[in-house]
Amino acid sequence: PGPEEMTIWLRASAPVPVVIEYGTDPALRGASRSEPVMPSADDEFVVKPHLRGLLPSTRYYYRILLAGAPDRYLEPRSPFSFTTTPPLGVRGKYRIACGSCARIQVHPDQPIWSAVERWSPDLFLWMGDNVYIDALEPDIMADMYQWQRSVRELQPLIRSVPQLAIWDDHDYALDDSDRTNPVKAEALAAFTRYWANPAYGLVDAPGVFFKQSYGDVDIFMLDGRW
């Protein structure tokens with residue numbers, strides 16, 4: 001939402017309370033903790049812990065606690081990190097990466113993410129066809145998002161660099177889908193569950209379009225499908 005707050009999207013590995021422990025010390029001495037969030041099967045165990053009281057342009061370290069203990073399935077066991085955004089309106093040099101068409105069915109290994117990570121972008125924009133659902137069933141939509149998030153090369157980038165996204169036809173439903181898509185409401189529900197955008201369309205105009213500022217850079221992400 002801004003340089004003082006951050007929401008972390010994650011899918012829990014167990015139906016137990018999820019807490020994010022975070023601070024500026026790599027050893028997390030004196031760290032803050034988010035309010036506990038309970039995963040639910042109704043949301044496919046996706047939870048959105050909210051971090052508050054952050055300083056702008058500052059590196060933070062964090063780890064995920066399940067029922068009060070570090071998640072034993074996560075490696076490395078050391079904390080992950082992220083850098084908060086600069087104050088709004090502040091001029092600076094920012095590195096924004098973007099990409100699309102991550103077709104995991106054809107490319108289960110995606111070394112491009114390791115190359116992107118080496119450039120240390122401040123922000124990554126997904127431009128559509130982020131997953132290839134190509135189906136009308138909500139269960140398949142969820143499976144595709146979860147499969148893409150499991151890509152080994154993607155995980156370091158998605159844990160440390162803010163991600164914003166729009167969709168194109170393949171993550172909207174079927175190839176070349178438009179406003180007549182019969183499951184666009186279901187596609188939007190899946191999209192909002194798995195992408196941490198600041199907004200999704202407007203109250204009277206659904207979709208995935210939004211605007212976001214990073215320092216003095218204004219970003220307008222469009223929806224060409226709904």
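**Exercise 1. Look at the hairpin of E7 and E8 and work out which residue takes a positive phi, and how many residues sit between the strands.**

Step 1. Go to the turn: the hairpin of E7 and E8 has two residues between the strands. Ala67 is the residue with a positive phi, near 55°. Keep in mind as you go that this is a predicted model.

Step 2. Now check the pairing. E7 and E8 (residues 69-70) run antiparallel over two bridges, and Leu65 has Pro70 as its bridge partner in E8.

**Exercise 2. Find out which other strands pair with E7, and in which sense.**

Step 1. Start with E3, residues 18-23. E3 pairs with E7 (residues 59-66) in the antiparallel sense over six bridges.

Step 2. Move on to E9, residues 80-83. This pairing with E7 is antiparallel too, over four bridges, and Arg59 stands opposite Thr83.

Step 3. The structure holds 14 aromatic pairs. One of them joins Tyr62 and Phe82 in a tilted arrangement, 5.7 Å centre to centre with 50° between the planes. Tyr62 belongs to E7 and Phe82 to E9, 20 residues apart, so the pair links distant parts of the chain.

Step 4. Tyr62 comes out at 5%, so it's buried. Phe82 comes out at 4%, so it's buried as well.

**Exercise 3. Trace the open sheet of three strands: what is the strand order, and is the pairing parallel or antiparallel?**

Step 1. The order is E10-E11-E12, and the pairing is parallel. E10 (96-99) and E12 (163-165) are the edge strands, each pairing on one side only. From one strand to the next, the twist averages 20°.

Step 2. Take the E10 side. E10 and E11 pair over four bridges, with Ile96 partnered by Leu123 in E11. To get from E10 to E11, the chain passes through H1, making a right-handed β-α-β crossover.

Step 3. Take the E12 side. E11 (residues 123-126) and E12 share three bridges. Leu125 is partnered by Leu164, and Phe124 by Gln163.

Step 4. Which side chains cover the faces of E11? In a regular strand, side chains alternate between the two faces of the sheet. Leu123 and Leu125 are on one side, Phe124 and Trp126 are on the other, and all are buried.

**Exercise 4. Pick out Glu117 and say where it is found and what it's in contact with.**

Step 1. Glu117 is in helix H1, residues 112-118. Its relative accessibility is 35%, so Glu117 counts as partly exposed.

Step 2. Set aside the neighbours within four places in sequence, and Glu117 is in contact with Pro156 and Leu157.

**Exercise 5. Identify the residues that form one aromatic cluster.**

Step 1. List the members: Trp113, Phe124, Trp126, Trp167, Tyr172, Phe191, Trp195, Tyr200 and Trp226.

Step 2. Zoom in on Trp195. Arg149 lies over the face of this ring, at 4.3 Å from the ring centre.

Step 3. Finish with Trp167 and Phe191. Both are buried.

Note on methods. Residues are numbered from 1 along each chain as its sequence is written. This is a predicted model: local features need pLDDT of at least 70, side-chain atom pairs count only at pLDDT 80 or more; totals for chains, interfaces and linings use all residues. Side-chain values use heavy atoms; hydrogens and water are left out. Buried means under 20% relative accessible area, exposed over 50%, partly exposed in between (1.4 Å probe, protein chains only). Contact means heavy atoms within 4.5 Å. Two strands pair if DSSP finds at least two bridges between them. Axes are lines fitted to C-alpha atoms, for helices over the stretch in contact, and angles run from 0 to 180 degrees between N-to-C directions. A crossover is right-handed if, with the strands pointing away from the viewer, the path from the first strand over the helix to the second runs clockwise. Rings of Phe, Tyr and Trp (its six-membered ring) pair if their centres lie within 6.5 Å; planes under 30 degrees apart count as stacked, over 60 as edge-to-face and the rest as tilted. A charge sits over a ring if NZ of Lys or CZ of Arg is within 6 Å of the ring centre and within 35 degrees of the ring normal.
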